[in-house]
Amino acid sequence: MIKATRKTGLVFFPAFDWAISPTHPEREERLLYTRDQVFEEGLFDIEGIIEFKPDMVTRDDIRRVHFCVPDEWSVVTESHLVSGGGAKTIGSVVMEKKVEKGFALVRPPGHHAMRVVHGARGFCNINIEAIMIEYLRDAYGVERVAIVDTDCHHGDGTQDIYWHDPDTLFISLHQDGRTLYPGSGFTHELGGPTAFGTTINIPLPPRTSEEGFLYAVDNVILPLLEEFKPELIINSAGQDNHYTDPITDMQFSAQGYAKLTEKISPDIAVLEGGYSIEGALPYVNVGIILALAGIDYSSVKEPDYDRNMLKQSRESMEYIRKTCDQVMEYWEKAPSIKEKMLASGSIKERERTIYYDTDNILENQKEQIVLCKDCPGMYSIESWTDRGKRILAVHIPRKACSRCEDLGYKIYETSARKNLNLIFLQDRKNKQFFVNEPGK
Amino acid sequence: MIIGLDVGGTHTDVVLISSGGLLNQIKVPTNSDDLYNSVLDGLNKILKNVDVNAIERIVLSTTLTTNAVVSNTLQPVGLIVSSGPGINPEHYRIGDHFFCVKGSIDHRGREVQPIEPLEIEAIASRMRSEGIKSVGVIGKFSVRNPSHENKIVKLLDGSFNYVLAGHRVSGNLNFPRRIATVYLYSAVYEIHKNFFDAVTQSLKSKGIKVPIHILKADGGTMSVETSVQFPGQTILSGPAASVMGAVPYAQSSGDSLVMDIGGTTTDMAILVNKVPLLEPLGIELGGYKTLIRALKTKSIPLGGDSAVSVDGNKNLAIGPQRTGPAMAFGGSEPTPTDALIFLEIMKSGDFNKAKEAMNKVSSKLGCSNMEAAQLVHIKFCEKLLAAANEMINEINKRPVYTVHEFLEGHQVKPSEILVLGGPAPYFAEQLEKMSGLPVRVVPNWNVANALGAALARATSEITLFVDTERGIASAPEEDFYKPVDKEFTLEDAKRLAFSILRNKVIREGSATDEIEMEILEEQQFNMVRGFYTTGKNIRVKVQVKPGLIKNYDNITSKFV
Ligand SMILES: [Zn+2]
Ligand SMILES: [Zn+2]
């Protein structure tokens, strides 16, 4: 009989009654054939593979991560709460050592959801990985976490949430932003001044196949993980790099995903995108589950899989090598650059525009962060949208120094202005969250 | 008149009932080496002085196939397995005649790779030369498209006594379980057929010509003819008999916990509005995980005769082993039954021996006999209730796949406990005290299993898959296949499923006026390719749920 060499927990929540809209890629049917394949393979019967029922995300869980405008319940549906809850459940059973590995096979996804949430972007409303990680930090005292995002789209939401967190290494492997939504994720995006170098982006050219992906894993991701020494490795396991995916242009495969999973060996995988619901997802998910559990996956292949048809060009491979070299160079230089940036000890400001494609909202942000030598720095975000909402959000990091902590409260208490609809204070140090509606 | 017969591990219970109530009940010892004569002995005794022409119905539940699986006295089976990509089917090898062959079907039921007839013929001739008589044919996703299995069966035609295709045993998806299920059906075929041929023959010779029904693990019955075709469904019918025996006395709305407390083990089940809960997939027995429909039961090694022991740290343990009867009945080790006798809750057996038994316990615990007996009594009930809670938690933690079920799904919370089995009446009061729930003893608790068999009605299940993009509707268990157009709806599917199920359950021995059908699962998905809806994917699972024959209450109301 077959047996998992690593005890693996699964939360499977296909939300068979939830869709963004009837013909949207994020619809009821998305995990139907995955369910069929997983059931027919009898994966839940394998000794050492355990299925868990998801918990639900609470408002406090969301508040550890997001500033939701106007409030949490307005930007999520029950399905988001179960999907995020599934990630939380998997995180808990891994931390409690009930299982060695975990996989939250849930929908809807979350990696495009940023710190401030006015609505849905890239099919995402709340960031389920971040909600899980911050929950695990508070509940189990986890410090250093690495997130490897292998979805075909740049994980810009997760990047945004951890942009200023030096304890969270975020690595995104994705199709080049010049050719795909959301258009970001270039090698020079390396994190904010106090967390410079703990955001890493590896953009890959269109039609990258197994060779290219595994090259980046071997030559960038594994050495970085080795050096960063995280307590937990999370894989945002999007499956839209597949050669049959309808909305992307890559040539990855079920075998490739299984090998990638085996190499990265994440403690927890969380499903993100992947919209080839018949040709890819059933096989990729089986491959990932087997690879996590340490079971032979060599015969998990798509019916039309032909490795030779998926070979990438020599030029493409050369390009990937150069990109990886550049990323490694940035990684090595980042600490000294960070030191220089912090030397000024002042406040750094950035302004940007964020588009919510799913809900068609345009947001402007002005962010100010304290370049603190003693902590990752308190920051505030003023955000206003074309819908007329304007908010101020203050974030005090978990390891804030007392000056940054005091400053955060001071800003929260003294910023009440007429034109602000809402003022938020997210105090991660003391695990508090406050909202003020100046108009009322 | 109806005869219900249940073969248990130690004795065989037989009841004779009529609209006038329980007419007679018989207990004969079970000889596990000769079940045929145990059954015959029971039937002979119950039929004494009875007009055989007045017998309308006979239901039998035996441990024949269960014993064969547990003791691994199974006939050799040839298995032909086609899988295609996925987990290597060699992992699911059972026995020495396991052949993986070409051919594969995908999750939608589309052919990926055809079968190779020459390969099958070569395997068939090899199996013949190896003396194989029983063959199973199993394909991955055969419930989505049985054509490969059917072709292989055809190629084997006529050369074997029994050939079973995987899609006939269940509409559920689970390839490894399909293999194990087909294997077990095929492996008990001969023993089951020979046994019931003999029983039928001997009943005929007594002038009894009414159809004989056999109890299944799901608490329902099937005709003896169906049982010969699908013999695996009789595996583990024993616990189901007792649960069905409790059904008449359960509250008609709300959740009931049923405990069948025996000498060595206690079996538990849950009834929701008088209907027993089923296993999601099927029986697990003797290391085989199957798709055999069964009641959800939990069996724990704890009963009236479990040995009571005290270790060096003064920890009291009850079970899991049984060393013999209670000391009050001539055994050598103290048991919970001895505690009941010492506490004078149970007024039989040798009191002095029971006292001696409690002495053995109290001397090690350093307490009085009374305290020791009370401790055993309480601890026994504690263990029962803990096991029940474990089962209920497991049921309530079962994953669900829709937001609706997640928010609205039924959570089991019993509001009564029904107990049956030998020691049951003596634990009722304590169980009530500790659980805070009303505890009722099933009337005629000592033959409730045979009564359950006698009163159980036919059950059945089918699954209908509709894929309007491919233009097909199919119910694999019934080898049903029908082309459908794009306009086919979920309502059409439900109607079709009910009509297929109705035909099936009548063929399998149901009376036509007691068919209560219900929907177990219904799902409809729009299939979208590109930005257009190209079809509908519909899955409907319907069942005739386990329950009692019509007018059972006329009979059971007279028992109390
Ligand atoms: Zn994606
Ligand atoms: Zn600071």
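Let's start with strand β9 of chain B, residues 134-139. It pairs with β10(B) in the parallel sense, over four bridges. Pairing here requires at least two DSSP bridges between two strands. Strands themselves are DSSP runs of E, at least two residues; helices are runs of H or I, at least four residues; both are numbered from the N terminus. Within this pair, Ser134(B) stands opposite Tyr162(B) in β10(B).

A word on the source: this is a predicted model, where local features need pLDDT of at least 70 and side-chain atom pairs count only at pLDDT 80 or more, while totals for chains, interfaces and linings use all residues. Residues are numbered from 1 along each chain as its sequence is written, chains are lettered from A and ligands numbered from 1 in the order written, and side-chain values use heavy atoms, without hydrogens and water.

Back to the sheet. It is open, has four strands, and runs β6-β5-β9-β10 in chain B with parallel pairing. Which strands stand at the edges? β6 (98-101) and β10 (162-165) of chain B; each has a single partner strand, so one side of each lacks a neighbour in the sheet. On average, neighbouring strands are turned by 15° against each other, direction ignored. Axes are lines fitted to C-alpha atoms, for helices over the stretch in contact, and angles run from 0 to 180 degrees between N-to-C directions.

Helix α4 of chain B, residues 147-156, lies across β5 (77-82), β9 and β10 of that chain, at about 155° to β9(B). Contact means heavy atoms within 4.5 Å.

Now the metals, in chain A. Zinc ligand 1 has three protein donors: Asp151(A) through OD, His153(A) through ND1 and Asp240(A) through OD, at 2.0 to 2.1 Å. Donors are N, O and S atoms within 2.8 Å of the metal (3.2 Å for Na, K and Ca); water is not among the atoms, so sites may look incomplete. The sequence spacing is D-x1-H-x86-D. His153(A) and Asp240(A) are 87 residues apart, in the β6-α6 and β9-α8 loops of chain A. His153(A) counts as buried because its relative accessibility is 7%. Asp240(A) is at 0%, so it is buried too. Buried means under 20% relative accessible area, exposed over 50%, partly exposed in between (1.4 Å probe, protein chains only).

Zinc ligand 2 is coordinated by the SG atoms of Cys372(A), Cys375(A), Cys401(A) and Cys404(A), at 2.2 to 2.3 Å. Why tetrahedral? Because the four donor atoms subtend angles of 98 to 117°, and four donors qualify if all angles lie between 85 and 135 degrees. Cys375(A) and Cys401(A) are both buried.

Note on methods:
Four donors count as tetrahedral if all angles lie between 85 and 135 degrees; four count as square planar and six as octahedral if opposite donors are over 155 degrees apart and all others between 65 and 115; anything else is irregular.
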